[in-house]
Amino acid sequence: MVYRHAFSSFTRWPLRIAAGALALALPSVVSAQEQVSSPASAAINPGLQITKVRDLDYGRVIVPRNGRIDMTADNASTCTPNNGLLLLAPCQSAQFEGQAVTGLQLRISVPVGRRTTLTGPDRELRLRRIAVGPGNGVSFQGRTNRHFDFVVTDPAGEFDFFVAGRLLFRNNQAPGVYTGTFTIEAAYQ
């Protein structure tokens, strides 16, 4: 009988230890297996796309003396000659179309110093004060040096903008076609 009692005590004791150990381990096992979920998402914005629609064109000009033509950077392309210069054909600002994401800030940068030159049969013509004006789908926010800041407002992210400036002529500039290029840089965030 003592043998049985010892056996049953021996049997109960390890079970109590095991049950106690199991009870202590259960809270950590349960919390380690507790699951919480959260949706994950990522928005991939399309890259900024810019396309030239039309070139900057000061038209045909008669140049009897030094002077300039100031052009507005908008779709109407108003040109104002001074000092006896005559415009024989209409002028037009350069136009660019773009695609971005609505609400993002768009920065259009013109050449350093906001200037470039046009070459032809005579001395270079100087294009100065290059400016960028808003078209449809963007709102002008301000300018810092050569950087023009806009916000894309079109729900589809489509927009356009215009580029123009002041073209300087020298006395008795030789007739001919004068051409040049300028680079527009666009970035958004």
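Start by selecting Asp 70, which is partly exposed at 23% relative accessible area (buried means under 20%, exposed over 50%, partly exposed in between, with a 1.4 Å probe and protein chains only). You're looking at a predicted model, in which local features need pLDDT of at least 70 and side-chain atom pairs count only at pLDDT 80 or more, while totals for chains, interfaces and linings use all residues. Residues are numbered from 1 along each chain as its sequence is written, and side-chain values use heavy atoms, leaving out hydrogens and water.

Arg 166 counts as buried, at 15% relative accessibility. Show Arg 68, Asp 70 and Arg 166 together and you have a network of salt bridges.

Next, jump to Arg 107 and Asp 149, whose side chains meet in a salt bridge at 2.7 Å, N to O. Here strand E7 (residues 105-109) supplies Arg 107 and strand E11 (residues 147-152) supplies Asp 149, 42 residues apart. Arg 107 is partly exposed, at 34%. By the rule above, the count comes to five salt bridges.

Last stop: the largest pocket, with a volume of about 870 Å³. To find its centre, select Asp 57, Tyr 58, Leu 118, Tyr 178 and Thr 179, the closest to it of the 32 lining residues. (On a 1 Å grid over the protein atoms alone, a pocket is an open set of points where a 1.4 Å probe fits, with protein on both sides within 12 Å along at least five of seven lines; lining residues have an atom within 4 Å of a point. The volume is the space filled by probe spheres set on the points, which are joined across faces, edges and corners.)

Colour by strand, and E1 (49-54) and E12 (158-169) are among those that each supply at least two lining residues. E1 gives the most, with three. Colour by residue type instead, and the lining divides into 20 nonpolar, seven polar and five charged residues. Nonpolar covers Ala, Val, Leu, Ile, Met, Phe, Trp, Tyr, Cys and Pro; charged covers Asp, Glu, Lys and Arg; the others, Gly among them, are polar.

Conventions:
Helix = DSSP H or I, 4+ residues; strand = E, 2+ residues; numbered from the N terminus. Salt bridge = Lys/Arg side-chain N within 4 Å of Asp/Glu carboxyl O.
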